Amino acid sequence: MSSPFWKPGTEKPRILEDEEGGVVFFSPSLASSSSGYGYASIEKQRQRLPVYKYRTSILYLVETHATTIIVGETGSGKTTQIPQYLKEAGWADGGRVIACTQPRRLAVQAVASRVAEEMGVKVGEEVGYTIRFEDLTNKGVTMIKFLTDGVLLREMMDDPLLTKYSVIMVDEAHERSISTDILLGLLKKIQRRRPELRLIISSATIEAKSMSAFFQARKSRHRMECEGLPKMEPAILSVEGRGFNVQIHYVEEPVSDYVQAVVSTVMLINDQEPPGDILVFLTGQDDIDAAVQLLTEEARTNRKNSSGLIILPLYSGLPRADQELVFSPTPRGKRKVVISTNIAETSLTLEGVVYVVDSGFSKQRFYNPISDIENLVVAPISKASARQRAGRAGRVRPGKCYRLYTEEYFVNEMPAEGIPEMQRSNLVSCVIQLKALGIDNILGFDWPAPPPPEAMIRAVEVLYSLGVIDDDAKLTSPTGFQVAEIPLDPMISKMILSSSELGCSEEIITIAAILSIQSIWVSSRGAQRELDEARLRFAAAEGDHVTFLNVYKGFLQSSKSSRWCHKNFINYQSMKKVVEIREQLRRIALRIGMVLKSCESDMQVLRKAVCAGFFANACRLEASSQSGLYKTIRGSQEIYIHPSSVLFRVNPKWIVYHSLVSTDRHYMRNVISIDPSWLLEAAPHFYQHQRLNPIVH
DNA sequence: GAGCACTGC
């Protein structure tokens, strides 16, 4: 286990082969020693990884089987080693490329730089990576390429058979993200056309069996088993991990209040267990803030041991600087307690954690295709998640995991796997992507996990109403193909296309970029009034979209200053991303033949363009309503303007919204006022005269 | 007058 760089008593080099592809921080000692030690010691390190003793088997299976499924636990080294084994065995000869996909950008970068280091090359040469906005590959030189699965899907639009790849390894397939699932479905289809292509599906769970069943080709007349071609029967291989043993503790009785249970469990660990940091999994910001506060008070009153506690929250909405606090090393004699959302389950890795407290819950997205509303719901996690969470305690030495649910519940009631994202999401983007790849029979597509037919039908309806697909459910030309080319939600893409005809594309692509990120405002529950005041400085009577334009203009006038952002409660990181996305949209717009033009101060055409994409989200203020109650034109859903909108309390008679937040009420986020006659202009087929007229007058 | 698990192109 010990690395040649690490002497007992010194800080252990931070992880070398992170299976989750979390944020990898190389310690300075490692960074400096890599040049001093040279190739041999890296080679020794590689040989110590559990996956090494399977090298020959893996190469044999890949050679003889079209699909190989690798079940590998954390720390097995599969992600960094298998692509190298393949390259060493000649799979990248003759200009072919070995691809390895990851669900997350950071993982792509981290793994690529590690593999480049092991091979003694620079990233972008023999080893490269591609993520959105960043392509560090060199055609004809790059042999191993890491990329997000979303990027590989985009590549299929230009090269549907992915002809340049000899082997494609889909990593972290157990996470079952929408793009991983689409990719798996498409790769299965490609295999029929390209029998020489090899797939490696790498997964952390035993779900391998269902994955294997999926890739099991039906005995078909077209594809006889013949010499020279690999077997269609998938091979399965397990590789053990290298984590330390984690002792599991369960509660004896179900807990009624898991925030309270978290507090007492942390205090118990602190009183009775030797030093080591604690990682707590809760569901969201509210719970986390509450737990942080309770723990801080508890630590203050119960002085015995708890003065050494450093209590930190962790969730993605946290400002960057606060997030980085959790990575700072724990001072001697102190104990760090990080209270986190699911972000610490897969997206980032904390070192030094010895104790995990698992509430057994997380927030999950659910989609109701009937109401067309997506909801965030606190729901029980799966056994797979519970194991992943527990594993976080065994990275540096043997650890303990305290589950705030009973063993009986874990064994008998907890579901083995989570519900794939595909089955609980709006599918509009997914369907258009498949259409663009020539998959016309969406309902008959061979999915790893078929989504509910209602959700697919709803997606097809939306695309039809946007004029993106025709009566035969085929992409329209040019609109459908253009919308598919733009990497955004189709409603936003449609808005962009219309802006070209209306003469306001410069403004609309700015709005599109802002709508496609989380939020441009800093999240500050503490300074709510100041944030509201800052927002009012940019407020436009037309609504939030025009307000965004004012912010963007201000940002440019400040020369993209971070100080200006800070002063105005605007998230600087978000604005940088907006500039980047806007630049990408601008390039795509030109490529698909749009006219880039500014409407200057004519906000009416701009609002029409928003209508052209979002007409389905039109609402009218209830005449008798004093409380700001709106109803959707289409479904008569009762909804309200979100208090964060600049049109909150202004309540214009007609608006369209960008998205809904559903709690006890449905709140519209980002709204703009419109004239109802524009709805008829934008979507005559959708708002027929007879239906709209009685409402208009 | 209230709330945003997490990714990705």
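An open sheet of 6 strands runs in the order β9-β16-β13-β10-β12-β11, with parallel pairing. Here, strands are DSSP runs of E with at least two residues and helices are runs of H or I with at least four residues, numbered from the N terminus, and two strands pair if DSSP finds at least two bridges between them. This is a predicted model, in which local features need pLDDT of at least 70 and side-chain atom pairs count only at pLDDT 80 or more, while totals for chains, interfaces and linings use all residues. Residues are numbered from 1 along each chain as its sequence is written, chains are lettered from A and ligands numbered from 1 in the order in which they are written, and side-chain values use heavy atoms, leaving out hydrogens and water.

**The open sheet**

- The edges are held by β9 (246-250) and β11 (309-314), each with a single partner strand, so one side of each is left without a neighbour in the sheet.
- On average, neighbouring strands of this sheet are turned by 20 degrees against each other, direction ignored. Axes are lines fitted to C-alpha atoms (for helices over the stretch in contact), and angles run from 0 to 180 degrees between N-to-C directions.
- Strands β10 (residues 277-281) and β12 (residues 335-340) run parallel and are joined by 4 bridges; I278 stands opposite V337 in β12.
- Helix α9 (residues 258-272) lies across β10, β11, β12, β13 (353-358) and β16 (399-403), at about 155 degrees to β13. Contact means heavy atoms within 4.5 Å.

- Strand β17 (residues 618-621) pairs with strand β20 (residues 654-662) in the antiparallel sense over 3 bridges, and R620 has W654 in β20 as its bridge partner.

**Around DNA strand B**

- There are 30 residues around DNA strand B, and R105, S316, K363, P487 and V661 come nearest. A residue is near a molecule or strand if one of its heavy atoms lies within 4 Å of it.
- Of the atoms of DNA strand B that come within 4 Å of the protein, sugar and phosphate account for 58%.
- By class, the nearby surface has 11 nonpolar, 10 polar and 9 charged residues. Nonpolar covers Ala, Val, Leu, Ile, Met, Phe, Trp, Tyr, Cys and Pro, charged covers Asp, Glu, Lys and Arg, and the others, Gly among them, count as polar.
- At least two residues of this surface come from each of α6 (149-158), β14 (361-368) and α21 (528-538); α6 gives the largest share, 3 residues.
- On the phosphate side, a polar side-chain atom of T148 lies 3.1 Å from a phosphate oxygen of DNA strand B.
- On the base side, an N or O atom in the side chain of R365 is 3.5 Å from a base nitrogen, and a polar backbone atom of P487 is 2.7 Å from a base nitrogen.

**Salt bridges**

- The whole structure holds 29 salt bridges, each defined as a side-chain nitrogen of Lys or Arg within 4 Å of a carboxyl oxygen of Asp or Glu.
- One of them links D446 and K188, with the closest N and O atoms 2.6 Å apart. D446 lies in the loop between α16 (428-436) and α17 (453-465) and K188 in helix α7 (residues 178-193), so the pair ties together parts 258 residues apart in sequence.

**Backbone points to check in your viewer**

- Most residues other than glycine have a negative phi, and most peptide bonds are trans.
- S477 and P478 are joined by a cis peptide bond, with omega about 0 degrees; P478 is placed in the loop between α17 and α18 (479-485).
- E172 is not a glycine, yet has a positive phi of about 60 degrees; E172 lies in the loop between β6 (165-170) and α7.

Terms used: A polar contact is a pair of N or O atoms within 3.5 Å; within protein, one must be able to donate a hydrogen and the other to accept it, and residues adjacent in sequence count only if both atoms are side-chain atoms.
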